[in-house]
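Biologist: I am new to this structure and would like to learn how to read its features one at a time. Could you take me through them slowly?

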Amino acid sequence: MEIVISNTSGTPIYQQIFEQISAQIIKGELPSDTSLPPIRTVAKELRISVITVKRAWEELEHAGLIYTMAGKGCFVAPLQPNALDEKRSQLAGEKLAKDMAYYKTLGLSLEEIIAMLKKDYEK
Amino acid sequence: MEILSVQNLSKLYPKFDLKDVSFSLEQGFIMGFIGSNGAGKTTTLKSMLGMVHKDGGTVSMLGMDFDQHELEIKQHLGFMFGGVDYYAKTKIRSITEVVRRFYREWDDSIYQKYMKRFALDESKRPSELSSGMRIKYSLVLALSHRAKLLLLDEPTSGLDPVARDNLLELFQEFIEDGERSILFSTHITSDLEKCADYITYIENGRIIESRTKDDLLQAYRLVKGTSEQLAPVQARLIANKTHAYGFSGLIKTTDLESADHLEIEAPTLEDIMIYYAKKEGLNE
């Protein structure tokens with residue numbers, strides 16, 4: 001498991017942790033039933049508050065990506081390949097919807113947005 | 001379990017009073033206690049510990065009422081007030097020899113472990129130690145009697161950034177087992193932005209906020225705009241500062257309206273303190 005936190009990115013820290021771990025789960029880097037480290041250890045290692053890590057874990061659980069076993073900690077949820085694909089498009093869709101709202105406030109047309117996405121993807 | 005609970009604490013001085021100070025802390029967390037100079041941080045801590053006589057309210061620690069179980073509670077408490085005034089010319093070894101006798105749960109192996117880790121030499125005298133070393137020494141004493149709750153007044157002030165960072169790492173280690181908690185006052189808010197779980201903010205003897213750090217920071221927004229934009233929003237601002245080209249102000253997130261069209265930023269703890277102090281007229 002890898003987590004890199006930026007204090008200046010403007011994205012809340014719990015969100016950064018959520019995005020990075022969910023990406024690692026969806027890409028299969030963290031396979032089903034892998035145990036996640038204890039919340040308090042993660043907080044100490046990353047030098048952030050326990051509550052922030054707890055929030056990220058809660059979001060992961062809410063998204064169905066991890067599950068909790070009382071007294072044993074959290075584990076990566078067993079997801080079938082098609083469920084992984086579904087999660088992938090769901091997460092990407094949510095992010096895209098936010099970005100799209102921003103592009104619209106900038107007054108970009110659909111064609112302009114597509115052209116920019118294409119250019120960025122091929123970079 | 002609540003490891004610390006302060007309810008309606010009050011203390012009256014001729015020109016200053018603490019009024020209805022209430023907050024509580026669960027086991028396993030770090031709470032930062034912030035406020036301007038003279039806001040009542042040290043008075044609160046001292047009233048909690050009976051170092052000054054409180055005029056009202058109740059304090060409980062480790063599930064026990066402080067007034068009724070003071071000695072028992074102090075067996076499990078580590079506290080430190082700014083400036084560690086041990087006998088400056090006595091060897092550390094002798095000071096430790098005195099302190100350890102007071103504690104039933106004193107553990108020499110823990111003591112030796114931390115003395116080694118902090119490179120503290122028992123044959124030195126407090127007068128020969130830097131302020132960072134003196135703070136570390138008093139923390140070693142607190143850790144060696146297996147304190148469950150640390151109450152620290154300005155433990156990081158006077159330390160350089162590296163020493164502060166080491167100390168914060170130690171704090172996080174201390175709470176890692178989920179059983180022990182720390183309350184520490186400071187005005188170096190960047191330390192808290194890193195590691196604190198909860199923030200209690202006092203101004204003018206009154207608690208303004210006591211909640212999780214993440215919620216606190218989410219509850220406020222810093223707004224900026226032109227002089228013309230100020231009038232419609234001013235009544236909703238906690239305080240504002242104007243300059244030749246516009247204004248900036250602090251607002252509760254729930255009071256924001258999208259029609260305001262202002263620049264909106266996430267505040268730091270320092271921003272929140274500055275605007276509240278302005279509201280209270282403390283900087284005039």
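Biologist: How many residue pairs are in polar contact across the interface of chain B and chain A?

Modeller: In this predicted model, the rule finds 11 residue pairs in polar contact across that interface, counting pairs in which both residues have pLDDT 80 or more. Helix 6 (161–175), helix 7 (189–195) and helix 8 (213–219) of chain B each give two or more residues to the side that touches chain A, and the largest share, six residues, comes from helix 6 of chain B. That side of chain B divides into six nonpolar, five polar and nine charged residues.

Biologist: Which residues form a salt bridge with closest N and O atoms 3.1 Å apart?

Modeller: They are A:Lys44 and B:Glu176, and the rule finds two salt bridges across the interface of chain B and chain A.

Biologist: How much area do chain B and chain A bury between them?

Modeller: The size of an interface is often given as the accessible area lost when the parts come together. Here chain B and chain A bury about 1200 Å² between them, with 47% of it on carbon and sulfur atoms. B:Gln172, B:Glu176 and B:Asp214 supply 43% of the area that chain B buries against chain A, more than any other three residues.

Biologist: Is B:Ser248 buried or exposed?

Modeller: B:Ser248 counts as buried because its relative accessibility is 12%, and the cut-off for buried is under 20%. B:Ser248 lies in strand 13 (residues 246–252) of chain B, and its side chain makes a polar contact of 2.9 Å with the side chain of B:Tyr275.

Note on methods
Residues are numbered from 1 along each chain as its sequence is written. Chains are lettered from A and ligands numbered from 1 in the order in which they are written. This is a predicted model: local features need pLDDT of at least 70, side-chain atom pairs count only at pLDDT 80 or more; totals for chains, interfaces and linings use all residues. Side-chain values use heavy atoms; hydrogens and water are left out. Helices (H or I, at least four residues) and strands (E, at least two) are DSSP runs, numbered from the N terminus. Buried means under 20% relative accessible area, exposed over 50%, partly exposed in between (1.4 Å probe, protein chains only). A polar contact is a pair of N or O atoms within 3.5 Å; within protein, one must be able to donate a hydrogen and the other to accept it, and residues adjacent in sequence count only if both atoms are side-chain atoms. Buried area is the accessible area (1.4 Å probe) that two parts lose on being put together, summed over both. A salt bridge is a side-chain nitrogen of Lys or Arg within 4 Å of a carboxyl oxygen of Asp or Glu. Ala, Val, Leu, Ile, Met, Phe, Trp, Tyr, Cys and Pro count as nonpolar, Asp, Glu, Lys and Arg as charged, and the others, Gly among them, as polar.
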